[in-house]
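Please keep the sequence and the structure open beside them.

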Amino acid sequence: MYRSQPDTVRVQPADEIQIVERAPVNRPQAVGLVSDQILNSPARGLLIDACDPIAGDWASNTGGRLVRLQGTFAAPAVEWINWRDGIARIAAGAPVGVVSQALRSAGWSLPVVGGHPNATVGACVSTNVRNCRTSGAQDFGSYLTAIEYVDGEGIPGRAELEGRPAIARALIGGLGTVAAITAIETKIEAVNSAWTSITTTRCDSFATMIESFLQRDTTFHFVKFDHTARRGQLGRGVSIAARRAGIQELPESRRRNALESTESPANTPHWLATAPTRTRSITHLWRAVEFQSKPRTSTSLMPESQLHHHRWLGLRNHQLSFDFTLPLQSAELIIWLFEELEHAQCPPLWASAFATSASSLSYLQPVIDGINVTLTLDATHAELSSILDRADEAICQAGGFVLLNTDQRLRPDVVAAMFGDRELWQAQRIACDPAGRFVSDIDRRLFW
Amino acid sequence: MIDGLGNVSNLTLIGTGNPLGLATADRLVGPRLRHLSLFDSDDVALGRATSGYRNSGIPDVRPVLYSTDTRHEQVALITEGFGEPDTDVVILGPPAALRPDPTWTAGADLNLDQTVRAGLLDLPVIAGTCIDLLAAQGHGVLIQFTHSPKNLRKGLNPAYCATMAALDTVLGNLASLAVEKGVDVIAVRMSPEADPSSALDPALRSKAMRSSQVASLVKTAVTKTRRKAPQLQTISLPKGLGLRR
């Protein structure tokens, strides 16, 4: 079911935005406009806009033509919901935060609510975002049922993920260099309320933190390392477990605004939101998880789901994100890295981790049983480059990998050793885009 | 491609006879640098720079000698030097500051010596070629050095300073064109006194900046090209003199 919307395809050359506006057109016509833009672009010169400051490397515009999907590719964010099977069709150009809000208003949630809220859904597929689920699959691609795209020759296509076709595996985590994703169909989850119940527990040692990873009784679970810790205290932090709050758990004032269950005319379960959900500053959450100033265990926190799960943390120009996954048996490498950073007087500005479990369709974005660690570092530090180069090699030898969707500094030779399915991805990429029109900054740095 | 820490993997230096260009290249040399292309019309300066960089452990150093005032040959050589992989940064080094003929006196006709030829005949051709090649890549940074035009005080090299002042106009226009084509440009505009190459007598360099100071400022500007649309960054030196365009 397509809705007719005014279409705007924006093409951004190097320095300015040229707005090409047309009269209201239907979706096939809009796809035709995108095909024209692809066919008229030079080789190695077309970036698909992701609006994602976290994945700053591949989404940033450092030359080339930038195509931004708008109009029918962005609104409505949720085109339809299959209530019986729990499947939604979502526009690829819509910000994932808007999609989360639209789904939640109808009583549903994305199965993976990660990434920056301003990142487009197409970017979330292209980077295969993940979140800290402690059970089931953790990456966005595992829940997709179909992807619609326009390939490098301007031909629209649709990939059903039931048989795990090669094109779908190349698109998921393909860093925007395989094709322009125009819409997705994904599984969704029914939720009881718009709020999340959080329990924080202080862990005084790294061993206690590792033990907390093994608890799988909550929906979401991650740890925030105390980045101010020194010497023997390295690795301590706060364990944060979260689950979706039930209506009965909510305070009376919020219960009135909670979601109510009604019967739809077709006798299918239907959830309605009676009022707009309230927003709350996430600083309230982070203020509460500071290591030393709070009691050992706290269960009184209940922020809104979207604020808890979508990462609002934007990187500044002098900051660098280092995001990697290690097998559980190699967890000591985390402490080694903390010690190296402390020795160089370059402690992380942020450090967090969550457990991962093996399940992924993507060629380039594998998920293994282990720990995913996210560090934010001061990029201006002189010794950081050599420390992280050594860390890359150690992670690779331990069987782990550095996440490509936030990477800004990996070496091509290390990438070749980390990702075994790289050749399969390259082959599928060449098949989809023989002229090599799609490009991204990370692609220029790692795969040329 | 320049990575998130500002490391460059493929660097091109045009002109190896001026300390500003060499110091900037030195500052951008790092563990990630794999390819360094050196272009010059002076074989002595080119040979000295090539051996120096080869000794520093860069895996691939490619020296290219071109003849001055040979437009087609220069374009062909530069184009050939822009092979795989992509060039991240092009340093358009100032011409070597040769001393004028000792018999030259103020007011006499200015001979087209080697500095003037290299600056006003070769550099605009090379700059235009580099801009086209960087634009074809879809990314890249061009670094250029010029002087802000002003009356020269006594003791400065007139041929060099006149060349650099004229380049300010020529390269300034080319820089605007480059940004339109999607190339990042870092333009260093110096007061003639601040340029360490300007003084005829080393004893009169009291107002000159060190080349390494200028190179550090350029390095910071290169790092800032990340996550931004292509633009023209102008570094006016010395700071605080209001030498803005």
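1. How many disulfides does a search of the whole structure find over all chains? The search finds 0, a disulfide being a pair of cysteine sulfur atoms within 2.5 Å. Buried here means under 20% relative accessible area, exposed means over 50%, and partly exposed lies in between, with a 1.4 Å probe and protein chains only.

2. This is a predicted model, in which local features need pLDDT of at least 70 and side-chain atom pairs count only at pLDDT 80 or more, while totals for chains, interfaces and linings use all residues. Residues are numbered from 1 along each chain as its sequence is written, chains are lettered from A and ligands numbered from 1 in the order in which they are written, and side-chain values use heavy atoms, with hydrogens and water left out.

3. On confidence, the model scores ipTM 0.74 and pTM 0.78. Chain B averages a pLDDT of 84, and 89% of its residues score at least 70; pLDDT is the predictor's confidence in each residue, from 0 to 100. Where pLDDT is low, the predicted coordinates should not be read in detail.

4. Chain A has 14 helices and 21 strands, where helices (H or I, at least four residues) and strands (E, at least two) are DSSP runs numbered from the N terminus. Of the 448 residues of chain A, 60% count as buried.

5. In chain B, please look at strand β6 (residues 184-190), which is largely enclosed by the rest of the structure because 7 of its 7 residues are buried. Both faces of β6(B) are covered, with D184(B), I186(B), V188(B) and M190(B) buried on one side and V185(B), A187(B) and R189(B) buried on the other.

6. Which strands pair with β6(B)? Strand β5 (residues 141-147) of chain B pairs with β6(B) in the parallel sense over 7 bridges, and T146(B) stands opposite R189(B). Strand β7 (residues 232-237) of chain B also pairs with β6(B) in the parallel sense, over 6 bridges, and there L237(B) is the bridge partner of M190(B). Two strands pair if DSSP finds at least two bridges between them.

7. Finally, β5(B), helix α5 (residues 158-180) of chain B and β6(B) make a right-handed β-α-β unit. A crossover is right-handed if, with the strands pointing away from the viewer, the path from the first strand over the helix to the second runs clockwise.
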